[in-house]
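Have a go at each task before reading its solution.

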Amino acid sequence: MVSSFHRDDLITLARAHRRRKLLSPVGRDFSSNDYLAFAGSQSLRDAAVEAIDRGVAVGSGGSRLLRGNTAEHEALEAQAARFFHSESALFVGSGFAANSLIFATLPQPGDLIVYDTLIHASAHEGMKLSRAPCSSFTHNDVGAAADAIDRWRAAGGKGTPWIAVETLYSMDGDCAPIEDFAALADQVDAILLVDEAHAAGVYGPGGRGLAADFLGRENVVSMVTCGKAFGCEGALILGPAVFRDFLLNRGRSFIFSTAPSPLIASVVRASLGIVARAEDRRERLRALVVEAGRAFERFGFAPSGTQIQPIVIGDEARTMRIAETLQGCGFDVRGIRPPTVPPGTARLRMSITLNSGESDIREFAAALARLL
Ligand SMILES: Cc1ncc(COP(=O)(O)O)c(C=O)c1O
């Protein structure tokens, strides 16, 4: 018998204008995270063909701890550690998997996880599995994070605090004061967990991200996704070797899961080199961000200053209507609703990538202004 719970839940979601559906990418790209336009690039296709010609396998055939650990995984991790100036790197199947693994495995029962209230769903997923207590702090508020740790210490907390932030927030396009969080971590003997999903490849020297200066420290663990600016898929966990070793000994989703494709590992390795040399693309993206800022200001929207530009509408049904109208005009922009974003802040998430140009951005801003 078909479950009535599931059907009813979908009806409830539809009534609340929250029922999700899959759409194909149509029109000019204002929604992907393919910031440097590498996902469909000839250079990554060539890397894939070269790897296939070398005999690299498509499937790993098993967990990394069984027969699934290939030379491609190890070569990627060695190169990533060198590139990011980190003591070690661990490659996993996605950023979501990486965050679930980190949060579920590293913090221990006597520790405390303090996390930015806007942190990604994948970190929440890991925290649900974690044995450490968790406490959120106001977005980007270093003082609030410090207060939460002080309160916990005053109440007898003896373990390690873990401070979890993103460097560039995926739905707001704003950046964390990462130097201040790193300083706080030093002050209070905490470990800083940094999610560089939207910053890696785009910012920092060679695209090493906004936390590049802090990698290599004993108290910093960073997560870089390979499916966004790097144009592939998977994620790298970067940090002290002891954490890598701990994850592969104690991380259930690492131990009991098939290793990512060796072919993809090989393409990600090529992508690290390609992205490192892609200063021209980073510069073009920066120029587009400036152009978008100008176009947006002209129409009275506050520019975020990064490649992620939220246009907060508020009402969920109206947000989705506007998104659909823009899609109908050839602009592939998507509406984002609660619970992905806080209640009352449904928005269009405009993503600026090299897949669209200056004139596309100006036309998009003008179309949006007409609709609003
Ligand atoms: C901040 C952040 N962290 C992690 C992830 C998950 O990464 P992936 O898409 O590789 O699973 C995302 C995905 O959009 C993200 O925005």
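**Exercise 1.** Find which helix and which strand each supply at least two residues of the shell around the ligand.

*Solution.* Start with the elements: they're helix 4 (95–105) and strand 7 (220–225). Helices (H or I, at least four residues) and strands (E, at least two) are DSSP runs, numbered from the N terminus. Next, look for the largest share: helix 4 gives three residues. Bear in mind that this is a predicted model, where local features need pLDDT of at least 70, side-chain atom pairs count only at pLDDT 80 or more, and totals for chains, interfaces and linings use all residues. Numbering runs from 1 along each chain as its sequence is written, and side-chain values use heavy atoms, with hydrogens and water left out.

**Exercise 2.** Work out which polar contacts (N or O pairs within 3.5 Å) the ligand makes with Phe 96, Asp 195 and His 198.

*Solution.* Take Phe 96 to begin with: a polar backbone atom sits 2.9 Å from a ligand oxygen. Then go to Asp 195, where a side-chain N or O atom is 2.6 Å from a ligand nitrogen. Finish at His 198, which has a polar side-chain atom 2.6 Å from a ligand oxygen.

**Exercise 3.** Describe how helix 11 and helix 13 pack.

*Solution.* First get the geometry: helix 11 (residues 279–298) and helix 13 (residues 358–371) have axes (lines fitted to C-alpha atoms over the stretch in contact) 9 Å apart, at about 25°. So helix 11 is roughly parallel to helix 13 (angles under 35 degrees count as such).

Notes:
A polar contact is a pair of N or O atoms within 3.5 Å; within protein, one must be able to donate a hydrogen and the other to accept it, and residues adjacent in sequence count only if both atoms are side-chain atoms. Axes are lines fitted to C-alpha atoms, for helices over the stretch in contact, and angles run from 0 to 180 degrees between N-to-C directions. Angles under 35 degrees count as roughly parallel, over 145 as roughly antiparallel, 65 to 115 as roughly perpendicular and the rest as oblique.
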